[in-house]
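Try each task before you read its solution.

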Amino acid sequence: MKRKIFYFIIFLCFSSAWAYADSGKIHFDLLNEMRATTDNQRIPVYILFKDHLTVKDFSDIGYDTPKKERRNIVIQRLINYSDKSQRNVREFLNSKKNQNTIESYEILWMTNSIITSVPVDIIYDLSDFSNVAMICYDADYPMEQVLDSRQPSAPFTDAVAPVNITVAPEPGVVLMKANQVWALGNTGRGVLAANADDGFWWKHPDLVKGLWQNLGEDINHNGRTVDIQSGTSSVFDAGDING
C-alpha cells in the first residue's frame with residue numbers, strides 16, 4: 001500500500017511538472033528533449049526575453065553622425081538594455097555556476113537572449129521568470145539537414161562548386177521547410193523587403209513581378225521605375241537612371 005501511495009505521489013509530481021511546462025514558455029521541441037533526458041543531463045537551450053528595443057529607441061541618432069559613431073551608439077544601447085533586462089536571470093545563472101550546476105552562459109545582446117546548457121529542473125526555474133518569453137532547444141542539426149540537394153539554376157550555376165549537394169542559400173530556409181509553407185498559401189504577399197543583399201537576383205521570374213515600384217525615383221513620370229518584361233529581360237527604366 002505504501003509503495004502504491006509513493007508511486008501515486010511521484011505521478012502527481014511529474015504530471016504537475018509537465019502541465020506547468022506546457023503552459024507556453026517551454027518550446028515543444030525542448031519539452032520532447034526534456035522527456036527523453038535524465039534529470040542531471042544538461043540540455044543546450046536559448047532563453048528569449050519579452051522586451052526589446054525598437055527603431056524608435058534609435059531615432060534620435062542623427063543621419064549626419066559618422067557611421068562608426070552610429071554603430072558604437074547602437075551597440076552600446078543594445079548591450080546596456082540586455083544588461084538591465086536580463087539582470088535577474090543572469091544572477092540566477094551565476095548562482096548555479098557557483099554551485100557547479102551549469103558551466104557557463106553566453107549573452108546575445110543583439111537579440112536580447114542567452115545561450116546555455118542546463119538540467120531539466122533549471123529549465124523549470126527559468127520559465128518562472130516573468131521577463132522570460134520562451135525557452136527553446138538549441139539543437140545541433142546534422143549537416144545533411146541544412147543542405148539543399150537540388151542543383152542551382154542560372155545565373156547561380158557558376159556560383160557554387162559542381163557537386164551533387166550544394167549549400168543552401170540560408171540553412172534556416174531548409175529547416176523551416178519553406179516550400180511546404182508556400183504550398184499552404186503563405187506566399188509573403190503584402191510584405192515589403194526594404195533591402196536585398198548582393199546575392200539577390202531581382203530579375204528572377206518568380207520575383208520581378210512582385211517588385212515594388214518606388215515612384216519617388218520616377219524621374220520621367222511614366223508611372224514606373226522598372227520595365228517588367230518576361231523574367232530576365234526586365235530592366236530598370238532608362239528614363240529614370242541618372243547616376
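Predicted model: local features only at pLDDT ≥ 70, side-chain atom pairs only at ≥ 80, totals over all residues.

**Exercise 1.** Find how helix α4 and helix α5 are oriented to each other, and what kinds of residues form their contact.

*Solution.* 
- Step 1: Locate the helices. Helix α4 spans residues 87–98, and helix α5 spans residues 120–127.
- Step 2: Take the geometry. The angle is about 160 degrees, and the axes lie 11 Å apart.
- Step 3: Apply the cut-off. Angles over 145 degrees count as roughly antiparallel. So α4 and α5 are roughly antiparallel to each other.
- Step 4: The crossing of α4 and α5 is right-handed.
- Step 5: List the contact. α4 supplies V89, F92, L93 and K96, while α5 supplies I122, D125 and L126.
- Step 6: Sort by class. This contact of α4 with α5 has five nonpolar, no polar and two charged residues.

**Exercise 2.** Describe the packing of helix α3 and α4 and class the contact residues.

*Solution.* 
- Step 1: Helix α3 covers residues 67–85. The angle between α3 and α4 is about 65 degrees, with axes 5 Å apart.
- Step 2: From α3 come S82, D83, K84 and S85; from α4 come R87, N88 and R90.
- Step 3: The α3 contact with α4 counts no nonpolar, three polar and four charged residues.

**Exercise 3.** Is D240 buried or exposed? Which backbone nitrogens does its side chain reach?

*Solution.* 
- Step 1: Relative accessibility is 9%, so D240 counts as buried. The cut-off is under 20%.
- Step 2: Look for contacts beyond four places in sequence. Among them are E217, N222 and R224.
- Step 3: Follow the side chain of D240. It reaches the backbone nitrogen of I219 at 2.8 Å and that of N220 at 3.1 Å.

Note on methods. Residues numbered from 1 in each chain as written. Heavy atoms only, no water. Axes fitted to C-alpha atoms, helices over the stretch in contact; angles between N-to-C directions. Helix = DSSP H or I, 4+ residues; strand = E, 2+ residues; numbered from the N terminus. Parallel < 35°, antiparallel > 145°, perpendicular 65-115°, else oblique. Left-handed = near helix turned anticlockwise from the far one by under 90°. Contact = heavy atoms within 4.5 Å. Nonpolar A, V, L, I, M, F, W, Y, C, P; charged D, E, K, R; others polar. Buried < 20%, exposed > 50% of the residue type's maximum accessible area, 1.4 Å probe, protein only. Polar contact = N/O pair within 3.5 Å; in protein donor to acceptor, adjacent residues only side chain to side chain.
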